[in-house]
Amino acid sequence: MMRETPHPRTRTRRRAARLAVIPAIGLTALLVAGCATGPSDDGVVTLELWDTDTRPERTANLEKLIDMFEKENPGIKVDYLGLPTDSYMQKIGTAVATGSTPDLVTPKASDISALVAQGALAPLDDRFSAGGWQDQIDASLVQTTRDAAPDGKLYITPATALADVMFYRADWLRDAGLPEPTSWDDFDSEVAALTDASTGRFGYTIRGGNGFWPQFMEMVFTRAGIATLFDENGKSTLDDPRVVEAAQKYVDLYKTTTAESDLTADFKVMQAQFAAGSAGFLSHSIGSYPTLLQSMTPDQIGVTVPFPAEDGTQVLGLLTTGFAMFQSSKHPEEAWKFLEFTMSQEGDSFWAQASGYIPGNIAVADEQWVQDSPALAAAIAAGANEKAVPMNVPYYLPEYSSITGTDMLPDWQLVLQGELSVQDFLTKYATAMNEAQQRYEDATK
Amino acid sequence: MTASATPASRRRTRSTAWYPYVLIGPAAALVVIFLVYPVASVFYYSLQRYNVTMPFYNGFVGLGNFIEIAQDAKFWRSLGFTLQWVVVEVGLQFVFGLILALLINRAFRGRGIVRALVFSPWAVAGILTTTIWLLIYNPTTGFGHYLADLGLVPYGTSLLSGSGTAFWAAVLAELWKGAPFFAILILADLQSISLELYESADVDGAGRLRKFVSITWPHIRSAVVIATLLRAVWEFNNVDLLYTLTGGGPAGSTTTLPLYVAQTAITDRDFGYGSALTIVAFVILIVFTVVYLRANRFGRENA
Amino acid sequence: MTLDTTVIAPTASRSHAAPRRRRISRDRVIDQLLLRLPLGVALLFTLVPFYWMLLFAFRPAGSTALIPWPITLDNFAKVWNTSGFGIYFLNSVYVAVTSLVVSTIIALLGGYALARFEFRGKGAFLLVMLCTQFIPGAMMLIPLFQIFNGLGLTNSLWSLIVSDTVFHLPLSLVLMSGFIRNVPVELEEAAWVDGCSRIRAFRLVVLPLLRPGIVAVGSFAFISAWNNFLFAVMFISRQDQFTIPVGLSYLLGEFGTDFGALAAGGVIAVVPVVLVFAYVQRFLVQGLSAGAVKG
């Protein structure tokens, strides 16, 4: 402490200066340190691909697909980014709003409407026909993909699709001496027969929680034999008497053949129940077959498409899930090359098989592995039925997802709890759908 | 209670007037740079109808969103539930945290390990907390299954699927994670209590309760007050647990206002209405904060 | 229940309590019971959920045993190898440690100002700080992203460090100012009288006594940054810059839920933090040095 002491004011000024240095350095470091300079290309085009359904197995498959593509296209590299299943729409929305979108993305048909409204995706029609793909891809898949868009254009590659199916414990049926179910009557009697609440065994697991609507459509509209949510007059079919009746039968399954906790069950809970041996039947889509196989053996699982209605109409639930490119992509030609690869026989065969999807490429559909997979065989056989009608879902309607996702869920749970009647529930939402459709038509005239 | 800003600083006022401003400079700068514009944008959007998937509807609506909110039954219900949730949750967390801190403050063998263990739920990521408790409440993988094996409860039931029990299930899960927050804070605060105070109280023959009321509580009071406020705001705004554990159900019975905001703004992409709801929540929180701090005489630090 | 902060082990008091042995031992039994019973319950409550996670992590898939025997490491291998957890782990460490350091320093500076000074705008500053906590980050993603873009911080872990720090700052500031206020200003004044500058006095006198406070505030900042999911997903667009919470989210999806892998990922995410915590919590208590404060 022995040094010449300058004037107090100078001392404090110096002290303050010294003091101010710390926060100044800190702030500068914060603001400057992050400046990253990206690598430059030199000849190789790098595409960015965002995956919307990231899971360890799927990531491995997708990276393999990318490898296959890069081998055949040495000048193109594809960088992979995995988005969590629950938040990918938010991330894409942020990217669109801030102009930081990638080149490629993996949407489902149900995502198209929202993405197109934001001007995110590039229409593929011209390139699709220029490449002669309409002759190579199953026409019904192309059509249902077009129908999902507000303007009827093609926005995602229609080369892979999910189908609604029911899984059941084939081993339980064998043990109980019951035949494989082929009709709704079979289903009703078998789920009842398999239920033994005292040992924790339930015939069915109903989706009462998040994401209930696709399963509702799968089980109710198929039983009712109605394949559209809006009839020829543009009116909602939700309160059609056949739908109400079928819905009542569906609701009646709760608590009589299902666990009480199914009130809030989402897929995770349902899958856990099915795999652990607490449920005999599970309604979901073929995409979960590989997952179920991870904890069960093939002879334990039976697969069937939801049964035809009384009048023989077989309603099929199909959802294409493919690849798309962004409108703002700086490398549209290369991006399209990737999309073409995923639709080609080599790419489609690999991707569909690895993911458990229905292949859209006609040549691939004849391959042996398609016939060998029980899930795919069931879906394809049902599609071959001449009374088969694909379910027409109004994905193009912007309010569709908020009505069937957020609005309907609490009321659906009230219905299961017995606090709201099926009729009132369906009438309320038929009205909501009609109003949404009217608003949409008024706004887009 | 505790010493604080004092005459000593006044003696140096003239030459060190800008001291505090320099010290709070970094914090203030960060907030100004990174938060002013985003917060302002929320205010901006609250006056719009804004839904990216329905661009034909977007436009200025002035106070239209707020009028709609006033008539929105879901809003009022969620507000009521939020109050219930925050009061119960923060109250329980505080009580348990306080007890924990007092317990851990004592010396006993293995105190270090116990301390580490008991504080650790705080370190668990939100996504993990909900996953763990989902596994516990799951009818197949959770407690329910094993209890049913013992015949104590019927199969296929879960706390999460009853309108009344879902609330307590969520409270328990959040309590597990949140009580350590108070415990850590209070324990750190307890360390600065002079031992002599307790010793002289002992000499005076004071009992346990008296010592707590006269020595411990006044000392930790200000930290507790502010921690409770911040925790209340956090619990108010935090949707992760409820979103994943109950989804706001069953039948909307566990939907807080921020969860309603998340559903509206993010899931339904109705960002305009969601922003308006956020502003309403913002105003509520400001009013609450000001009233709360005044009531606890926080302005007068020399309490 | 005595609430004194004595560090003398319970057994030591026996030696000078002999004459009143009978009363003491009954008192002490109740005392110990009042300590150990609630503590036991608290421990149980704390540990059972952890045990549940460990159970799923070490148990082979499909098993429903209550004890994970035989132990399998398959889930960990799966998570570490196929999910790339190694990189996420490193990123998380980088982000959390840096956030911790930056947060704590800024909180020390600002907290000192709040604790020791009355200045114009103090109330407003505090209110603004608190107000930033009132709007959820999810509602501000796009403007925040635009700011980071403008500063060149996107696609860099610094966007996470900055956003984690900014959102955690009010809590750190207010808590730190509380801890500083607990240190009597007389100690600093004594040092000033001795000729120390304010900074030196702070370093020599206040800082050592602030150890529990710094540990508390620092660990909160660390944990908050370590566990942040939203910003990590939204501000980063390079796979090799994602953090652990994002990696965990991959294990929870619509088409596949592998509870074993998820639990294994959870263990990987939690164990390091708990270990650090275990080491650091020692500094949450001052022990006898608290007695250095004399009136």
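Chain B contains 13 helices and two strands, these being DSSP runs numbered from the N terminus, with helices (H or I) of at least four residues and strands (E) of at least two. This is a predicted model, in which local features need pLDDT of at least 70, side-chain atom pairs count only at pLDDT 80 or more, and totals for chains, interfaces and linings use all residues. Residues are numbered from 1 along each chain as its sequence is written, chains are lettered from A, and side-chain values use heavy atoms, leaving out hydrogens and water.

| Property of chain B | Value |
|---|---|
| Box of C-alpha atoms along the principal axes | roughly 75 × 70 × 30 Å |
| Buried share of the 303 residues | 60% |

Chain A is divided into domain 1 (43–159 + 322–365) and domain 2 (162–317 + 391–443), with bounds from an automatic or database domain assignment. Their contact (heavy atoms within 4.5 Å) takes 13 residues from domain 1 of chain A and 12 residues from domain 2 of chain A. The two domains of chain A bury about 920 Å² between them, 58% of it on carbon and sulfur atoms; buried area is the accessible area (1.4 Å probe) lost on putting two parts together, summed over both.

In chain C, C:Ile67 is found in the loop between helix 1 (21–58) and helix 2 (74–82), and C:Ile67 is exposed, with a relative accessible area of 58%.

How values were computed. Buried < 20%, exposed > 50% of the residue type's maximum accessible area, 1.4 Å probe, protein only.
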